[in-house]
Amino acid sequence: MRAAQIQEYGGPEVLKIVETETPRPGPGQVSVDVAYTGVNFADLKARGEGYRVPSLPFVPGLEVSGRVREVGAGVEGLAVGQEVAALTAGGAYAEVAVADAVTVFPLPEGVDLRTAATLPTVLPTAYALIHAVGRLQPGETLLVQGAAGGIGTVVGQLARATGAGAVYGVVSSAAKAEFARGYGYDEVFVGEFETPVRAATAGRGVDLALDPVGGDTLRAGLASLATYGRLVSFGNASSAEPWQVGQPELYSGALSVSGFSILTLAKTDPAALRALTERAFATVVDGTVSLPVTAEFGLSEAAEAHRVMGARTSRGKLLLRVGGNLATG
């Protein structure tokens, strides 16, 4: 089978299309003939710095849609040929991917394979940030980093459906700000945000801040919270040193900090992940959320997809089209 593989760490050019052995599922796993693969910033960190890479060579990719190819021993509720979306531990930039059955989800009614590839990481993460971890309440205010990205566009819609008082976003360009405003944001700040947030909230700050960046951005988010405010860290896109927060930062405003990683949850409590994902998928079925796919690349164009995402000019969700007729069927 074909796969986009890295044999060394570096820029997009280290992604090479290779012919490799087709993987087979072990007990409790299934293999999937891949139609589409979602591109995530974690894939760029894997390629560039070895994030969650056990060894080289390595095929990146965390989410796919397609049809079940083979079912491993002990798997129930999934059948060969069934259309599914799956969260993987890697290996998704390929014509066939393997996933634990607990992270493989039959497609909800009315969801096609193209849309399904946007769901496994983005939608449960966004749902957890608003509901399970962030616990946003009606009338509360929200600040979101990366408001024009895949997670950001979903978070804005979920927050609006929850009855948020005001939803503020942060992006890196005016074009991204205009895009984000179409997905539930009341106001979107470009670049520096701490002072504008205080001005927009009459000095109060926001009740909940969501941060995938880390470093100085996380600290500025913490400083933008209202009394009793919460911050949820769900990434470290800046590759900054691990942050620390303690009594001096938290006591003055009675603040709290928590974290979320969908990949870690998949390992530590897959049953909780499955319940979360099923609730999240329901928001697409009922029309609460739509996921904008703004660019689609062939598998052989994986390096170009990484260049586009790495340039920080992309908006919404990027996909790799892998399965030819399977992808369009």
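These legends walk through several close-up views of one predicted model.

Local features are described only where pLDDT is at least 70 and side-chain atom pairs only at pLDDT 80 or more, while totals for chains, interfaces and linings use all residues. Residues are numbered from 1 along each chain as its sequence is written, and side-chain values use heavy atoms, with hydrogens and water left out.

**View 1. Glu-63 and Lys-317 meet through their side chains.** Start at strand β4, residues 63-71, where you will find Glu-63. Helices (H or I, at least four residues) and strands (E, at least two) are DSSP runs, numbered from the N terminus. The side chain of Glu-63 makes a polar contact with that of Lys-317 at 2.5 Å. Such a contact is a pair of N or O atoms within 3.5 Å; within protein, one must be able to donate a hydrogen and the other to accept it, and residues adjacent in sequence count only if both atoms are side-chain atoms. Glu-63 has a relative accessible area of 0%, so it counts as buried. Here buried means under 20% relative accessible area, exposed over 50%, and partly exposed in between, using a 1.4 Å probe and protein chains only.

**View 2. Helix α3 is mostly covered.** Nine of the eleven residues in α3 (residues 122-132) are buried, among them Val-122, Tyr-127 and Ile-130.

**View 3. Val-155 sits in the largest nonpolar core.** A nonpolar core is a set of buried Ala, Val, Leu, Ile, Met, Phe, Trp, Tyr and Cys residues joined through side-chain atoms within 4.5 Å. The largest has 55 residues, and Leu-142, Val-155 and Leu-210 touch the most other members. Helix α3 gives the most to this core, with seven residues. Leaving aside neighbours within four places in sequence, Val-155 is in contact (heavy atoms within 4.5 Å) with residues including Ala-126, Leu-129, Ile-130 and Tyr-185. A second, separate core of 38 residues includes Ala-46, Val-75, Leu-78 and Ala-303.

**View 4. Aromatic rings come together in pairs.** Three aromatic pairs turn up in a search of the whole structure. Rings of Phe, Tyr and Trp (its six-membered ring) pair if their centres lie within 6.5 Å; planes under 30 degrees apart count as stacked, over 60 as edge-to-face and the rest as tilted. Tyr-168 and Phe-189 are stacked, 5.9 Å centre to centre with 25 degrees between the planes. This pair links distant parts of the chain, 21 residues apart: Tyr-168 lies in strand β9 (residues 166-171) and Phe-189 in strand β10 (residues 187-190). Tyr-168 is buried, at 7% relative accessibility, and Phe-189 is buried at 6%. Phe-179 and Tyr-183 form a tilted pair, 5.2 Å centre to centre and 40 degrees between the planes; both residues are buried.

**View 5. The loop between α1 and β4 holds Arg-52 and Pro-57.** Most residues other than glycine have a negative phi, and most peptide bonds are trans. Look for the cis peptide bond from Leu-56 to Pro-57, with omega near 0 degrees. Arg-52 has a positive phi, near 60 degrees, and is partly exposed at 34% relative accessibility.

**View 6. Ala-254 also has a positive phi.** Its phi is about 50 degrees, although Ala-254 is not a glycine. You can find Ala-254 in the loop between α8 (247-251) and β13 (256-259). With a relative accessible area of 38%, Ala-254 is partly exposed.
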